[in-house]
Amino acid sequence: MLVTTLTIIAAIAIVASIVLGVIQAFQTPKPSKISLGFQGDLGGSPRYGTFGPLDNTVSNELAIPVIYGKLKVAGNVIWQTDPGETVKRIVGLCEGEVSTITDIRANDVVISEANTPGSSVTSYAGTGTQKADSRVTANVRQDLELHHLSYLALTLTVSDGLKGGNPTITSVVEGLLVETWANGVWSTVKSYSRNPAACVRDFILSARYGQGRLKANLDEASFGAVYDYCEEFVDGPSGKEARYRLDYTADTQRP
């Protein structure tokens with residue numbers, strides 16, 4: 001009796017699947033709307049240079065990345081209004097304070113009034129004093145000042161230039177500001193640098209996202225010597241360039 005019942009259930013499931021497929025095949029396509037239908041099941045990544053497509057993730061379990069140098073990222077959605085023809089969205093990128101956030105795109109289209117009418121974006125570098133974006137609703141604004149997090153605040157409106165149910169937002173980030181070495185001393189004012197010695201030293205010293213070591217325990221002169229070595233100009237594919245840049249191709253090919 002049990003075998004017969006299971007056979008009947010399986011047969012019903014097969015028939016239902018076939019009927020559903022036929023119905024879907026003959027349905028009239030509907031206009032796409034922006035929604036939270038993110039493509040995590042396709043193996044995408046919020047970062048650049050990993051396996052799978054570059055997607056915006058939506059998760060409260062992802063670690064906040066630390067970016068040194070220049071990197072193309074998608075980021076993690078941490079807040080959004082209800083789905084519709086227009087949505088407002090917050091996309092977290094990385095630890096701040098970063099130098100710049102540029103080339104901001106939706107579905108690989110630069111966000112501008114000319115390209116994506118009705119859509120706009122504001123970037124936040126991740127300072128310790130930044131305030132919540134005005135797009136955030138009043139009831140949660142006090143919780144979304146997002147100090148020390150670089151992020152994008154977007155208004156996304158469906159248009160000829162912005163189609164599809166889930167536009168992927170990408171940008172190019174020039175990463176964390178770091179102390180640099182000049183004339184035998186480390187600067188007290190931070191600036192953007194790709195020099196590996198400056199980046200490693202910053203990670204060792206940072207108590208927020210690094211190891212939190214004391215400067216007094218570092219051999220500062222040795223870090224300075226490595227910094228100078230990396231800055232020396234040598235022959236490269238494009239002529240004379242700093243030694244630490246030799247592993248990079250043109251910025252347009254590898255941010």
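Predicted model: local features only at pLDDT ≥ 70, side-chain atom pairs only at ≥ 80, totals over all residues.

User: What makes helix α2 largely enclosed by the rest of the structure?

Analyst: Buried means under 20% relative accessible area. Seven of the ten residues of α2 (residues 196-205) are buried, so the helix is largely enclosed. The buried ones are Ala 197, Ala 198, Cys 199, Arg 201, Asp 202, Ile 204 and Leu 205. Their cover includes β8 (169-178), β10 (185-186) and α3 (220-231).

User: And how do you know that Asn 195 caps the N-terminal end of α2?

Analyst: A side-chain oxygen of Asn 195 lies 3.0 Å from the backbone nitrogen of Ala 197. The cut-off for a polar contact is 3.5 Å between N or O atoms, and the cap is at 3.0 Å.

User: Why is the pair of Tyr 124 and Tyr 151 called stacked?

Analyst: Two values matter here. Rings pair if their centres lie within 6.5 Å, and planes under 30 degrees apart count as stacked. The centres of Tyr 124 and Tyr 151 are 4.6 Å apart and their planes are at 10°, so the pair is stacked. Tyr 124 sits in strand β6 (residues 120-124) and Tyr 151 in strand β7, 27 residues apart, and the pair thus links distant parts of the chain. Both Tyr 124 and Tyr 151 are buried.

User: Which residues form an aromatic cluster, and what sits over the ring of Trp 186?

Analyst: Trp 181, Trp 186 and Tyr 227 form one aromatic cluster. The charged end of Arg 201 sits over the ring of Trp 186, 4.2 Å from its centre.

User: Which members of the largest nonpolar core touch the most other members?

Analyst: Of its 18 residues, those are Leu 93, Ile 101, Leu 152, Leu 154, Ile 169 and Val 173. The elements giving two or more residues to this core are β3 (86-95), β4 (98-106), β7 (149-157) and β8. Apart from it lies another core, of ten residues, among them Trp 181, Trp 186, Ile 204 and Leu 218.

User: Why does Asp 108 count as exposed, and what is its phi?

Analyst: The cut-off is over 50%, and Asp 108 has 51% relative accessibility, so it counts as exposed. Phi of Asp 108 is near 65°, a positive value in a residue other than glycine. Asp 108 lies in the loop between β4 and β5 (109-110).

User: What about Asn 183: buried or exposed?

Analyst: With 82% relative accessibility, Asn 183 counts as exposed. Asn 183 lies in the loop between β9 (181-182) and β10, and its phi, near 55°, is also positive.

User: Finally, where is there a cis peptide bond?

Analyst: The cis bond joins Gly 96 and Glu 97, with omega at about 15°. Glu 97 lies in the loop between β3 and β4.

Methods:
Residues numbered from 1 in each chain as written. Heavy atoms only, no water. Buried < 20%, exposed > 50% of the residue type's maximum accessible area, 1.4 Å probe, protein only. Helix = DSSP H or I, 4+ residues; strand = E, 2+ residues; numbered from the N terminus. Contact = heavy atoms within 4.5 Å. Polar contact = N/O pair within 3.5 Å; in protein donor to acceptor, adjacent residues only side chain to side chain. Core = buried A, V, L, I, M, F, W, Y, C linked by side-chain atoms within 4.5 Å. Phe/Tyr/Trp six-rings, centres within 6.5 Å; stacked < 30°, edge-to-face > 60°. Lys NZ or Arg CZ within 6 Å of the ring centre and 35° of its normal.
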